[in-house]
Amino acid sequence: MQYYLNGFRTGSPDIQPAQREHDPEVLPTQVDVLIAGTGPAGAILTAQLAEFGDLHTLVIEKNGEPLLMGHADGVACRTVEMFNAFGLADRLLREGYSVNETVFWGPDAKDRSQITRNSRVKDVAEGLSEYPHLIVNQARLQDFLFDKASKSPSRTAPYYGVELISVENTNDGDYPVAATVRRNGEEQQIQAKYVVGTDGARSAVRRSLGIKLEGDARNHAWGVMDILATTDFPDIRFKAAIQSADGGNILLIPREGGYMVRMYVDMGDLDPEDREARSRFTSDQLIATAQRIIHPYSLDVKEIAWWSVYEVGQRVAARFDDLDANAAPDASPRIFIAGDACHTHSAKAGQGMNVSMQDTFNLGWKLAAVLQGRAHSSLLRTYSEERQAIARELIDFDTRWSKTMSTAPKDPGKPEAGGLDPNQVQEQFQRGGQFTAGFGTRYTPSLLTGGTEHQHLAAGFPVGERFHSSDVTRIADAQRIGLGHTAQADGRWRLYAFADRDAQGASPKYDALIQFLVEDPDSPLRRFTPAGADVDAVFDLRGVHQGSHTETTVADLPALLVPAKGKYGLRDYEKAFASKLVDGGEEIYEVRGIDRVAGALVVVRPDQYVSMVLPLDGTSALTEFFARFMAGTVVTA
């Protein structure tokens with residue numbers, strides 16, 4: 001963590017100097033961005049936009065107080081990576097339960113009225129991420145994000161007890177979006193440049209846009225309960241997929257804190273003609289069903305912290321913004337929906353909260369770039385294009401996984417009945433491992449994603465996928481650092497330059513790239529960095545040199561990798577790295593398949609996805625890429 005750039009100050013470095021104050025009594029009437037809803041998607045968007053003190057963000061929530069107990073709990077590895085960019089991964093790791101293994105239970109071959117353990121696997125495949133799959137209460141996760149926003153330059157905090165009634169794009173003036181809200185029984189008008197609906201499956205924003213969720217209910221009920229219980233079931237602290245011969249199935253998730261567990265309990269098919277069937281289930285029925293499924297083991301429930309029954313279904317909105325099929329090619333959206341407002345599905349794969357947060361992590365930096373004049377408004381069209389495709393992939397995955405979890409086990413005595421044996425359940429689980437860990441997203445070629453013609457130069461950083469961190473050694477102080485961990489949720493693009501090496505041990509292409517970035521008028525740094533701003537205000541360049549940190553001193557580094565910043569012109573010594581690890585281990589060039597002779601330039605979006613892999617001399621392609629959507633022709637001094 002870096003601080004004191006613009007002078008020493010006492011107290012916590014997490015509390016940034018305020019550029020705006022929050023008045024909880026007065027609801028603003030004119031804002032840059034109005035966020036309706038404080039669920040996971042709204043919380044991520046709030047925390048991201050709060051970092052920009054010059055932007056006025058208003059967050060409203062119809063409930064009268066913050067969420068006290070959330071219903072989502074699974075935090076995918078990819079989400080922990082994202083939280084690291086907010087400086088919050090350590091808090092998640094401290095409070096969360098780490099899921100290390102998943103066990104699979106099915107009917108005992110000798111006595112099918114009982115269950116037995118069949119196998120176990122790692123919950124997250126080896127090498128997929130440096131972070132684990134965590135279980136953290138949704139309410140705590142949101143607390144972390146809103147706490148960060150409250151300490152940001154904008155001091156952003158939600159207004160509770162404010163319900164959004166309707167929203168409309170008037171296409172008039174600097175604040176064209178008109179929102180009607182209700183507070184303390186009175187309606188009020190708010191003008192905004194942009195509105196984002198993160199207000200759940202019954203979204204008022206989506207309703208105002210006339211967008212429907214499209215899909216099907218599966219007419220199958222699952223109960224879910226968080227319980228404190230005593231049991232002799234031996235795997236109560238493992239994630240467990242449990243099939244009983246005829247009593248249904250359970251997905252068991254150990255909760256944070258060491259004592260509580262969550263059970264998703266198969267309650268069977270519903271009569272599609274009986275619309276009230278789901279509401280008639282009781283907590284006692286859930287407990288009794290769970291007890292039957294885990295026979296011969298006992299389950300004595302002492303307390304239910306929360307329970308519910310839901311009907312499996314998958315639905316997705318036809319679009320995620322206010323541009324309909326008749327919109328002009330140069331039209332830009334003003335109103336967006338995210339999270340449950342545009343896609344709903346079952347809870348057992350743990351994807352709802354995680355994908356929802358990725359929605360707004362995708363949108364937040366784009367809104368900031370457009371509002372600050374760093375990008376053309378056409379950039380905002382990419383949100384619906386990118387995230388709707390991901391949502392449909394999620395729906396397809398969730399449909400398959402829900403079907404798997406609802407299918408009865410095979411009965412050797414009744415082969416005609418079909419079903420799945422535990423090995424097939426395990427196979428489906430492992431096949432979907434990348435998706436459940438949060439790594440199913442791959443953006444296809446578009447305005448923000450290039451082709452793969454140079455992928456061989458850095459095979460371990462696939463274009464369109466998240467930038468997979470790997471360790472390097474910081475040259476200035478010999479610290480072992482995760483290269484991806486240097487990226488913050490601050491809206492900046494990352495340029496990771498991996499040095500080449502010729503027969504003499506020099507790096508001529510790497511040196512020429514640095515010179516281009518500093519001197520050439522076509523350099524994105526010179527064209528798109530505002531006059532007077534720090535040289536890394538828009539593009540954060542990180543250089544990786546081959547060899548040991550002892551072979552290259554700070555004095556040998558180009559000025560661009562030790563830039564003078566802030567009001568005092570202090571040097572930033574945290575941008576240059578050596579590939580050889582100070583305490584041993586495989587180097588990033590091998591781990592991520594980087595060509596040692598040619599080197600590579602990896603261009604990474606502000607939301608941590610790889611946009612391009614280029615040769616170090618691919619400067620024309622670099623210039624052309626950013627010229628497509630970035631604004632400004634300012635040449636910095």
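Author: Start at Ser-470, which is in contact (heavy atoms within 4.5 Å) with Ile-481, Gly-482, Leu-483, Ile-588, Val-591 and Arg-592, leaving aside neighbours within four places in sequence. This is a predicted model, in which local features need pLDDT of at least 70 and side-chain atom pairs count only at pLDDT 80 or more, while totals for chains, interfaces and linings use all residues. Residues are numbered from 1 along each chain as its sequence is written, and side-chain values use heavy atoms, with hydrogens and water left out.

Ser-470 sits in the loop between α10 (433–436) and β19 (471–474). Helices (H or I, at least four residues) and strands (E, at least two) are DSSP runs, numbered from the N terminus. With a relative accessible area of 9%, Ser-470 is buried. On this scale, buried means under 20% relative accessible area, exposed means over 50%, and partly exposed lies in between, using a 1.4 Å probe and protein chains only.

The UniProt record, an unreviewed entry, places the feature "domain: Phenol hydroxylase-like C-terminal dimerisation" at residues 441–631. UniProt positions are given in the numbering used here, feature names are shortened, and annotations may be inferred rather than shown by experiment. The span 441–631 is 16% helix and 19% strand, and its end C-alpha atoms lie 28 Å apart.

Helix α11 covers residues 508–519. Its twelve residues should span 16 Å at 1.5 Å a residue, and the end C-alpha atoms are 16 Å apart, which agrees. The expected span is 1.5 Å times one less than the number of residues. Tyr-510, Leu-513, Ile-514, Phe-516 and Leu-517 are the buried residues of α11. Viewed down the axis of α11, they fall within an arc of 160°, so they line one face of the helix. The arc is that of the directions from the helix axis to the C-beta atoms. An α-helix has 3.6 residues a turn, so residues three or four places apart point the same way. The partners against which the buried residues of α11 pack are β21 (493–498), α12 (524–528), β22 (539–545), β26 (600–604) and α14 (619–627).

Phe-626 touches Trp-493, Leu-495, Pro-524, Phe-528, Phe-539 and Val-603, not counting residues up to four places away in sequence. Phe-626 is also one of the residues with the most contacts inside the largest nonpolar core, together with Ile-60, Leu-367, Phe-498 and Val-602; that core has 104 residues. Its largest share, seven residues, comes from helix α7 (residues 352–371). A nonpolar core is a set of buried Ala, Val, Leu, Ile, Met, Phe, Trp, Tyr and Cys residues joined through side-chain atoms within 4.5 Å. In soluble globular proteins, nonpolar side chains tend to be buried together.

Helix α7 is mostly covered, with 20 of its 20 residues buried. Those 20 residues should span 28 Å at 1.5 Å a residue; the end C-alpha atoms are 29 Å apart, which agrees. After α7 comes Gly-373, whose phi is positive, near 80°.

Next, consider a buried polar pair. Glu-81 lies in helix α2 (residues 77–85) and is buried, with a relative accessible area of 7%. The side chain of Glu-81 makes a polar contact with the side chain of Arg-466 (3.0 Å). A polar contact is a pair of N or O atoms within 3.5 Å; within protein, one must be able to donate a hydrogen and the other to accept it, and residues adjacent in sequence count only if both atoms are side-chain atoms. Beyond four places in sequence, the residues in contact with Glu-81 include Ser-129, Phe-439 and Gln-608. Gln-608 lies in the loop between β26 and β27 (610–614). Although not a glycine, Gln-608 has a positive phi of about 80°, and it is buried at 11% relative accessible area.

Another loop residue is Arg-155, between α4 (138–150) and β8 (159–160). Arg-155 likewise has a positive phi, about 50°, although it is not a glycine. At 18% relative accessibility, Arg-155 counts as buried.

Gln-430, found in helix α9 (residues 422–431), is 307 residues from Asp-123 in sequence and 8.5 Å from it in space, C-alpha to C-alpha. Asp-284, in helix α6 (residues 283–293), is exposed, with a relative accessible area of 56%.
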